[in-house]
Amino acid sequence: CCRSPAWDRPSRPPPSPLQPPGRPLAPCRSFSNNKIQVELDESSGVAMMKFKSPPVNSLSLELLTEFSISLEKLENNRACRGVIITSAVPKIFSSGLDITEMCGKSMEHYTEFWRAVQEMWLRLYGSSMVTVAAINGSSPAGGCLVALSCDYRIMAENPKFSIGLNEAQLGIVAPFWFKDTFVNVVGHRIAERSLQMGSLHPAPEAHRLGLVDELVPEEKLMEKAAAVMAQWLALPDHARQLTKTMMRKAVLDRLVAHREEDIKNFITFISKESIQKSLRMYMEMLKKRKS
């Protein structure tokens with residue numbers, strides 16, 4: 001489970017210029033799991049990865065595991081240079097960590113779940129591929145972390161869609177590596193205020209704060225993501241990868257060095273009766289909303 005992040009591996013070379021002219025490249029290749037749908041266009045080197053876990057793409061243990069495995073498959077495929085991450089569920093990118101995984105379970109389950117959350121982040125934040133988040137719906141908490149971990153974020157221009165690390169609203173504290181990732185995107189002051197308040201920022205505000213890089217009309221989102229990806233892939237891979245490693249390595253190393261301690265902290269915190277009570281209350285509130 002404790003695999004080294006992608007920045008520890010040799011960088012992927014650019015496609016060979018010696019490809020014989022007129023020889024057809026492999027077509028679109030797809031592999032689908034229960035919760036993640038992946039399509040790789042080997043001619044462009046770009047994969048599309050979609051969350052497909054209705055109703056709200058909660059980051060369950062199963063989804064997180066599939067996500068990490070899918071990312072590893074793409075990372076190891078020399079034909080793949082970039083991945084666009086989006087949602088197959090309308091109006092939601094991901095609602096964040098699945099609360100049912102953190103409520104009323106065993107210590108072993110909490111350990112396995114939190115290790116899967118760490119693994120997902122280490123793989124995505126440390127990926128040598130170009131990663132673009134096409135945020136086609138709301139993206140609170142862990143969903144926001146997924147977006148923050150990408151190289152570039154494009155969000156649908158809909159004021160009803162919001163994004164942010166809102167853990168404080170549930171009485172939960174965002175771990176240090178969530179915080180580090182957030183600070184690296186928006187700066188210390190905005191991150192501090194937003195984390196303390198547990199703020200969810202509507203799309204226009206998220207753009208103003210620099211939490212997302214661009215807003216585009218919903219119908220143009222995938223087209224824009226493809227155009228941005230093409231811009232990034234026009235650069236020599238090795239220079240971009242080494243620069244990314246230089247920028248992100250200290251943050252990644254910090255979690256790798258404190259991984260077991262971080263799991264223990266999570267278990268101690270989540271096992272507190274006061275926290276379990278607030279999670280149960282939140283789940284009851286969600287049930288009432290549904291009915």
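Colleague: Where does A141 sit?
Modeller: A141 belongs to helix α3, where helices are DSSP H or I runs of at least four residues, strands are E runs of at least two, and both are numbered from the N terminus. This is a predicted model, so local features need pLDDT of at least 70 and side-chain atom pairs 80 or more, while totals for chains, interfaces and linings use all residues. Residues are numbered from 1 along each chain as its sequence is written, and side-chain values use heavy atoms, leaving out hydrogens and water.

Colleague: What is the phi of A141?
Modeller: Positive, about 50°, although A141 is not a glycine.

Colleague: Is A141 buried or exposed?
Modeller: A141 is buried, at a relative accessible area of 13%. Buried means under 20%, exposed over 50%, and partly exposed in between, with a 1.4 Å probe and protein chains only.

Colleague: OK, proline check. Which peptide bond is cis?
Modeller: The bond from P54 to P55 is cis, and its omega is near 10°. P55 is in the loop between β3 and β4.

Colleague: Where is S53, then?
Modeller: In the loop between β3 (46-51) and β4 (58-59). S53 is buried, with a relative accessible area of 9%.

Colleague: What is S53 in contact with, apart from its sequence neighbours?
Modeller: If you leave aside neighbours within four places in sequence, S53 is in contact with K35, S58, L63 and V89. Contact here means heavy atoms within 4.5 Å.

Colleague: Let's move to the helices. Which residues of α4 are buried?
Modeller: In α4, residues 176-186, they are W177, F178, D180, T181, F182 and V186.

Colleague: What do those pack against?
Modeller: Quite a list: α2 (107-125), α3 (141-148), α5 (188-197), α6 (203-209), α8 (237-257) and α9 (259-270). After α4 comes G187, with a positive phi near 95°.

Colleague: How do α2 and α8 cross?
Modeller: At roughly 165°, with their axes coming within 10 Å. Axes are lines fitted to C-alpha atoms, for helices over the stretch in contact, and angles run from 0 to 180 degrees between N-to-C directions. That makes α2 roughly antiparallel to α8. Under 35 degrees counts as roughly parallel, over 145 as roughly antiparallel, 65 to 115 as roughly perpendicular and the rest as oblique.

Colleague: Which residues make that contact?
Modeller: From α2, Q118, W121, L122, L124 and Y125; from α8, K244, R248, V251, L252, L255 and V256.

Colleague: What about the angle between α2 and α9?
Modeller: About 130°, and the axes are 9 Å apart. The pair is therefore oblique. Among the residues that meet there are W114, R115 and Q118 of α2 and I263, F266 and I267 of α9.

Colleague: Last one, the whole chain. How many helices and strands?
Modeller: Ten helices and 13 strands. The chain has 291 residues, and 51% of them count as buried. Among contacts with a separation of 6 or more, 74% come from residues 24 or more positions apart.

Colleague: Great, thanks!
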